[in-house]
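Open your viewer and get ready to select a few residues. This tour goes stop by stop, telling you what to pick and what is there.

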Amino acid sequence: MANVSSVQLGSDAISNLLVKQAVPASIGILVMSLNVLVDSIFVGNWIGSIAIAAINVVLPVSFFIGALGMAIGIGGASMISRALGANNRIKALQTFGNQICLTVLVTVVMVMLGLTYVDTLIPAFGGKGTIFEMAKIYYVIVLYGVPLLALNMMGNAVIRAEGKPKFAMIAMIIPSVGNLLLDFLFINVLDYGMHGAAWATTISYFLCFSFILYFFLSKHSELKLTVRHLGFNLDILREISSLGFVTLSRQAVVSVIYLLMNNILFDLGGEAMVAVYAIIGRMLMFALFPVFGVTQGFLPIAGFNYGAEKYDRVKESIYTAIKYAAILATIVFAGLMIFPAEIVGLFLSHKPDMSALELETNAFVLENTPSAMRWVFAATPIIALQLIGAAYFQAIGKAIPALLLTLCRQGFFFIPLILILPNFLGELGVWISFPIADVLATIVTGYFLRREINNTLVA
C-alpha cells in the first residue's frame, strides 16, 4: 500500500503497481461509501425513512456540482499522468494550476444558481409531499460546502496521478470518519435532526479540503505551483474540458436518472417507493467499491505508460485490471444475492414511538427492496469489462470514445429502458432495466476495446 513515484508507474510490475494503486483507492472508496451507507443508517434510525428519501432527492444536485470538480480533476489528471510519463513537468504544473482556477470559478457559479432555484429543483428531483421540507433543509446547508467538495474531488484525482494513492486514500477517509462522528454528535446527542445531518456533511468537506491543501504544500507532492502556473491557458483548458466532459456527462446522466427514477417511483408507490430506491442507490455506491478501486488504480498506470509509448505494459494493465475487477465483482454479487433482506433491515428505524406513516413505510420498504436489489445487481459479474474499457480511453486522452462508452450504459440504454418498460411491467420494469443495460453496454464496450487493442496498442 506504499506510495510510488511517477517514474515507477513505467517500470514496476503491472500486477504489483495495480495492487499498490488499487488497494488504497479501494479502501478510500470503501470508507467513503461506508460513510454514505452508515450516514443513511443513522438518518433512517434517528430521523426516519422519509429523511433517507429526502437526502436521496438532494444528492443528484449536490453531486453534480461536486462532480464538476471530479470532471476537471480526472480530465487534468489524465494530462498530468501523460505529461509526467513524457517528462514534461512544466505542462503538468500548468495543468494543475488551470484545474484549481477552473474548479473554483465553475462551482461557485453553480452553487449560486442552485440556491436561487431551490424551490424549483427539489420538486423536480422528486422532493414532493412530506419529503419537500426535509429535503430543502438538507439541500441549502450542504450546497454551501459543495465548492469544497469539488476541490476535494479535483485534488484527489491529481494526488493519484502523482502516484501517491496512500494520500488519496487518507483524503477520502478523513471526511468519511468526520461525517460519521459529527452525525452522532449533531443528530443523536444534540438532536438537530436534518440540520445536524447537513452540517455534519458540510464540515466534513472542510476537513478533507484541509488535508488536501496540506499535501500539496508539503514535501510529498511533486507539483509545486507558483503564481505563473495559475493563469488560464486555452489549449490546456480545452483538453481538460474535453476529457473532463466524459466524467461530467456521466454524472449529469446520473442526476437525470435520479430525477427520472424518483419521479417514476413516486408515481408508482409514493414516498415509500422512493425510499426503496434510496437504499438501493446507497448499495450501488457502496457494494462496488473494490471494482471502482481497481478502475481508479488502473487510470494512472495506463495513462503514464501510454504517454511513455510502452504499449505492451498498457495492454497488460488492461487485462490485469479486468481480471481483478471481475473477481471482486463476482464476490460482491454473491453477497448481495444471499443477504438482501438483512442489508435492507439495517436502514430501517426500530424506534418504539414511530408514527403510523413510518411503520407503514418501513413495512413496504422491507417487503419490496430485497427482490428489487437482486434485479438491480443481477449482471454485476460482467461490469468490470465495461468500467475498465471506458476508463482506458479516458486515461489515454481519447475523449470521444471515452464519452460514448461512459454514456453507453446509463444514457443510451438505461434511460430509454426505464421510460419504456414500466409502462408495461410497472415497478418490475424499473428494476430489470438495470441488468439489461449492463449486458448491452458490456457487449458494446468489449467490441471497441478489442478493436483498440488490435489497432493501436502494437509495439
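Predicted model: local features only at pLDDT ≥ 70, side-chain atom pairs only at ≥ 80, totals over all residues.

Residues are numbered from 1 along each chain as its sequence is written, and side-chain values use heavy atoms, with hydrogens and water left out.

**Stop 1: the largest pocket**

Select Phe96, Ile100, Leu213, Phe216 and Leu225: of the 16 residues that line the largest pocket, these are the closest to its centre. The space in this pocket comes to about 320 Å³. A pocket is an open set of points on a 1 Å grid over the protein atoms alone, with protein on both sides within 12 Å along at least five of seven lines, and lining residues have an atom within 4 Å of a point. Volume here means the space filled by probe spheres set on the points, with grid points joined across faces, edges and corners.

Now colour α3 (89-116), α5 (131-161) and α7 (193-217), the elements that give two or more residues to this lining. Helices are DSSP runs (H or I, at least four residues), numbered from the N terminus. Which element gives the most to the lining? That is α7, with five residues. By class, the lining has 12 nonpolar, three polar and one charged residues. In this scheme Ala, Val, Leu, Ile, Met, Phe, Trp, Tyr, Cys and Pro are nonpolar, Asp, Glu, Lys and Arg are charged, and the others, Gly among them, are polar.

**Stop 2: rings that pair**

Keep Phe96 and Phe216 selected and show their side chains. The structure holds 10 aromatic pairs, and in this one the ring centres are 4.6 Å apart with the planes at 40 degrees, so the pair is tilted. Rings of Phe, Tyr and Trp (its six-membered ring) pair if their centres lie within 6.5 Å; planes under 30 degrees apart count as stacked, over 60 as edge-to-face and the rest as tilted. Phe96 in helix α3 and Phe216 in helix α7 are 120 residues apart, so the pair links distant parts of the chain.

Are these two residues buried or exposed? Phe96 is buried, at 3% relative accessible area, and Phe216 is buried too, at 11%. Buried means under 20% relative accessible area, exposed over 50%, and partly exposed in between (1.4 Å probe, protein chains only).

Next, pick Phe167 and Phe211. Their ring centres are 6.4 Å apart and their planes at 20 degrees, so this pair is stacked. Phe167 lies in helix α6 (residues 165-189) and Phe211 in helix α7, so the pair ties together parts that are 44 residues apart in sequence. Phe167 is buried, with a relative accessible area of 14%, and Phe211 is buried at 13%.

**Stop 3**

Val177 has its place in helix α6, where it is partly exposed, with a relative accessible area of 40%. Draw a distance from Val177 to Ala86: the C-alpha atoms are separated by 38 Å, and the residues are 91 apart along the chain.

Then move to Asp191, in the loop between α6 and α7. Asp191 is exposed, with a relative accessible area of 63%. Its phi is near 60 degrees, a positive value in a residue other than glycine.

**Stop 4: the second largest pocket**

The second largest pocket has a volume of about 200 Å³. Select Met283, Phe286, Ala287, Phe289 and Leu336, the closest to its centre of the 14 residues that line this pocket. The elements giving two or more residues to the lining are α8 (234-286), α9 (289-307) and α10 (311-338). The largest share, five residues, comes from α10. This lining divides into 13 nonpolar, one polar and no charged residues.

**Stop 5: an enclosed space**

The structure holds two cavities of 30 Å³ or more. A cavity is a set of grid points where a 1.4 Å probe fits but cannot get out. The second largest cavity holds about 140 Å³ of space, and the residues that line it include Ile74, Ser78, Arg160, Gln296 and Ala395. At least two lining residues each come from α2 (49-85), α5 and α9.

**Stop 6: a helix with a kink**

Finish at Cys408, where a kink of about 65 degrees in α14 is centred. The bend at a residue is the angle between axes fitted to the seven residues ending there and the seven starting there.
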